[in-house]
Amino acid sequence: MRARRWFVVSLVAVVSVGSAQAALSELPPYRPDGNAERGSIPAVYRFDLGALYESDEAWATALADAKQGLTELAAYHGRLHDPEALATYLDRYFSLELAIHRLTLYANLEQVTDTTDQRAMARHQTALNLTDAIMNEGTVMREAILALTPAEVEKAYEQAPGLKRFEPAIAELRRRADRVLDPEAERVLALAGDNLWAAIDLNELPSDNERAFQSLISEMPLPSIADGQGNQVQLTFGNYPLYRAAADRRVRREAVAGVFGSLKKFESTFAAALAGQARRDVFMARARHYDTALEAYLDKDDIDPQVYENLIATVRAHADALHRYVALRKRVMGLDDLHIYDLYVPMVEGVDKDLPFPGGAKLILEALAPLGPEYLETAGQLIDPNNGAIDVYPSAHKESGAFSSSVYGVHPYIKLNYMDRYDDVSTLAHELGHAVHSELADSHQPYLTSRYVPFLAEVASTCNEMLLSQYMTAHADSKAERAWLLSELAETIRTTIYRQTMFAEFDLAVHKLAEAGEPITAERLDGIYGDLVRSYYGPGFTVDADDSVEWAYIPHFYYKYYVYSYATGLASGIAIAQRVADDVPGAREGYLGMLEGGSSKPPLELLKGAGVDLTKPDAIAAALDLFDRTVTELGELLQEKEQR
Ligand SMILES: [Zn+2]
């Protein structure tokens, strides 16, 4: 189904890509400056929020309507067993949910581009309160639908044909109907803070254990260290990644020793916080008669636990490639032993390329060409700042980082902090992947099945990153540039597939301890983590005494089985990029089908349509074979350099 188009469809898509290229050539020149006044950036490079609301006044009017809508919805409570009333209620509920998402997006986009704007801040808070209100209404809606027996649902569809429209939402809620307990048990679980039915990403709902962890991280004293110039600097979790990657080995060793030594002093408290989280997850799972927390939390997105086991087994089977990477690092860095603090310093010197936005955007469109004209047409529209969907440059009060955010019925918005470097081009390709995914899902699905689950999100973004990486590597100006691009690719795969899978194994081990009713102590956790580091990095890697406490500062272990999806996302993105680049018959169409599918089918089925079956080793093996080849080529390229 094609619900809407937000831009004019050209008859020949190639012409449209050509016109995007032409529009990019005519953009005004601008040099990014992090301290710039927002007003000094040419308007074309800033968001045009007019597609959402014409003015702040129009937003305020829509807000008043939404508040009125909430009051009117409440009048239906208690009448939802009547199919006609339920149909009308669902109609109003979903329009209101969409209206509130739109109000929130506008307020959010205004706020992130100027974090000092008090009126935008107030609008943002108001919108968040409305989001809370519609989530509470969602609980009422869910309970009404789950209260029906299967026979009653069938009868309701007959009595109120209008209800059929909502079948996808009803079916998705009822997929786990057999996990619903009697009303009294449900009441108690709600009091205990049940999150298995949460309507938003689970990692956005911090538990008290996660809050305790965050507080400990912010209050824990860290030492000061001497930087590369010998000046004493206070170590923080903010500057830790910087010092951990320092070219001066003493600095990076002191940074890691400083953080790990401090974690060590508080490790029992960290262990207690994490144990509480794991026991809580197990409690929620068992309350709903799941055998394991893994099953319960993957079932939320309809993911087979087999995917988790397959990921771990396949990555384990390719550990030798990571061992070779460790050996290569040693050789290139000229070290006899390689420690955790030697992993983050760039192995190859960066090639400084000046890539102003118009050129960077053109590069991306060229790199994405294998995805075909339909993909390029949408990408070309979104990346062209003339269409108002992209906020390119940093300014004094703009929030850092990048994202893509969207609401059904309006084109997606991409926030960047573009600084003319290769990294920024890569970030743009990534966010563009999310944006095109949203746009294609929205234009091919009705509202109810337009939103893709988090599990699929990083497939679309990393597929673009990989196509860009391939294109840049193929067009590198020098062997030095090629070596640098390959080293970046290797690091991405090491940190996203190997490291996150190692975290996934740790996550599983902690939950298994909780499920077996065994004590979860710091000593035990250190033991598990240390063994994992040793087997992942291999015999050529030196593990120091405090290294096994690294688990203590990783926030992802509080995200209820989320971390594995970074690894499956990148592995799938690589596999798809490879299939598309190799022109495998049906690869491009299959991938577009996945993007256009939104949430119309279970995520694993959509992914299968794109040629990736995550219950089997193939896709993950393909990604790790790419890692293996990258390490080999990098070794050869750097050898030539060493011999010269
Ligand atoms: Zn992303």
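The model is predicted: local features require pLDDT of at least 70 and side-chain atom pairs count only at pLDDT 80 or more, whereas totals for chains, interfaces and linings use all residues. Residues are numbered from 1 along each chain as its sequence is written. Helices (H or I, at least four residues) and strands (E, at least two) are DSSP runs, numbered from the N terminus.

Helix α4 covers residues 118–146. Its 29 residues reach 42 Å from the first C-alpha to the last, close to the 42 Å expected at 1.5 Å a residue; the expected span is 1.5 Å times one less than the number of residues. A residue is classed as buried if 20 or more other C-beta atoms lie within 10 Å of its own, as exposed if 12 or fewer do, and as partly exposed in between, with C-beta atoms placed from the backbone. By this criterion A120, R123, A127, L130, I134, E137, M141, A144 and I145 of α4 are buried. In an α-helix there are 3.6 residues a turn, so residues three or four places apart point the same way. The buried residues of α4 pack against α2 (56–74), α3 (83–113) and α6 (167–174).

P83 is placed in helix α3. P83 is buried, with 20 other C-beta atoms within 10 Å. Contact is assigned when the C-beta atoms of two residues, placed from the backbone, lie within 7 Å. Not counting residues up to four places away in sequence, P83 touches A156, Q159, A160 and L163. P83 and A156 are 73 residues apart in sequence, and their C-alpha atoms are 5.2 Å apart in space.

Helix α7 (residues 183–191) presents a contrasting case. The number of buried residues among its nine is zero, so α7 lies largely in the open. Just after α7, G193 adopts a positive phi of about 85°.

A nonpolar core is defined as a set of buried Ala, Val, Leu, Ile, Met, Phe, Trp, Tyr and Cys residues joined through C-beta atoms within 7 Å. The largest such core has 176 residues, of which I364, L432 and A623 touch the most other members. Helix α19 (residues 479–515) gives the most to this core, with 16 residues. Apart from its neighbours within four places in sequence, A623 is in contact with I493, I497, L570, A571, I574 and A575.

I364 also takes part in a helix pair: I364, E366 and A367 in α15 meet L467, L468 and Y471 in α18. The axes of α15 (residues 357–367) and α18 (residues 454–474) come within 9 Å and cross at roughly 100°. Axes are lines fitted to C-alpha atoms, for helices over the stretch in contact, and angles run from 0 to 180 degrees between N-to-C directions. Helices α15 and α18 are therefore roughly perpendicular to each other, a class that spans 65 to 115 degrees.

Three strands form an open sheet in the order β3-β5-β4, with mixed pairing. Its edge strands, β3 (390–391) and β4 (403–405), each pair on one side only; pairing requires at least two DSSP bridges between two strands. Strand β4 runs antiparallel to β5 (residues 413–415), to which three bridges join it. K415 in β5 is the bridge partner of F403. Helix α17 (residues 422–444) packs on the sheet, touching β4 and β5, and its direction makes about 10° with that of β4. The end C-alpha atoms of α17 are 33 Å apart, in agreement with the 33 Å that its 23 residues should span at 1.5 Å a residue. Helix α17 is mostly covered, with 21 of its 23 residues buried.

Two residues other than glycine have positive phi. H289, in the loop between α11 (267–287) and α12 (293–299), has a phi near 65°. H289 counts as exposed, with 10 C-beta neighbours inside 10 Å. D583 has a phi of about 60° and lies in the loop between α21 (564–581) and α22 (587–596). With 9 C-beta neighbours inside 10 Å, D583 counts as exposed.

Strand β2 (residues 232–234) contains Q232, which is exposed, with 9 other C-beta atoms within 10 Å. T236 lies in the loop between β2 and α9 (240–244) and counts as partly exposed, with 13 C-beta neighbours inside 10 Å. T236 and V259 are 23 residues apart in sequence and 8.5 Å apart in space, C-alpha to C-alpha.

Conventions
Parallel < 35°, antiparallel > 145°, perpendicular 65-115°, else oblique.
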